[in-house]
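Thank you all for coming; I would like to walk you slowly through one model today. Please keep the sequence and the structure in view while I talk.

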Amino acid sequence: MPSWILALFAVLIVASVIMMVMQRRGGGLGGGGLGGGPSGAGFAPGILTVTGVSGRGAADKNGNAYFTVSGTITGDQTAPTEVYGTLMLAAGEREPVIGDDIPVSYKPGKTATSWRFGAAH
């Protein structure tokens, strides 16, 4: 077997191990988004008080509806922070209204750029 194939195989294994370690530490290769993915280490719980919400748009093929929500995040480790993001709701779930309190999680010191819908684990 040619040595370049063995070298390529070794590089792929090392890259895979590095990516797995980064995922376990909560790093990853991409930045955090506003999606509802799982919250990891370093996230604190907070509450988003809704101050604005878009109307229900057309549902996707699975019946999910998307809303643009704006509001203020408050929590023990952050000053009140104004944010907005997209909230996906399954068919039949209650639509958000102004004044609702929605659980969120955020990284202290980076609330505006790291927050996510859902409670911190």
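This is a predicted model: local features need pLDDT of at least 70, side-chain atom pairs count only at pLDDT 80 or more; totals for chains, interfaces and linings use all residues.

**The aromatic pair**

Let me begin with W115, which is buried, with a relative accessible area of 1%, where buried means under 20% relative accessible area, exposed over 50%, and partly exposed in between, with a 1.4 Å probe and protein chains only. Residues are numbered from 1 along each chain as its sequence is written, and side-chain values use heavy atoms, with hydrogens and water left out.

A search of the whole structure finds one aromatic pair. The ring centres of W115 and F117 lie 4.9 Å apart and the planes are at 75°, so this pair is edge-to-face; the rule is that rings of Phe, Tyr and Trp (its six-membered ring) pair if their centres lie within 6.5 Å, with planes under 30 degrees apart counted as stacked, over 60 as edge-to-face and the rest as tilted. F117 is buried as well, with a relative accessible area of 10%.

**The sheet**

Turning to the strands, which are DSSP runs of E with at least two residues, while helices are runs of H or I with at least four, both numbered from the N terminus, we find five of them in an open sheet, in the order β3-β2-β1-β4-β5, with antiparallel pairing. The edge strands are β3 (78–89) and β5 (116–117), each of which pairs on one side only, and two strands are said to pair if DSSP finds at least two bridges between them. Strand β2, residues 65–75, pairs with β3 in the antiparallel sense over ten bridges, and these two strands form a hairpin with two residues between them. Which residues in β3 are the bridge partners of A65 and Y66? For A65 the partner is L89, and for Y66 the partner is M88.

**The salt bridge**

How many salt bridges does the structure hold? There is one, in which the side chains of R94 and D100 meet at 2.9 Å, N to O, the criterion being a side-chain nitrogen of Lys or Arg within 4 Å of a carboxyl oxygen of Asp or Glu. Of the two partners, R94 is exposed, with a relative accessible area of 57%, whereas D100 is buried, at 15%.
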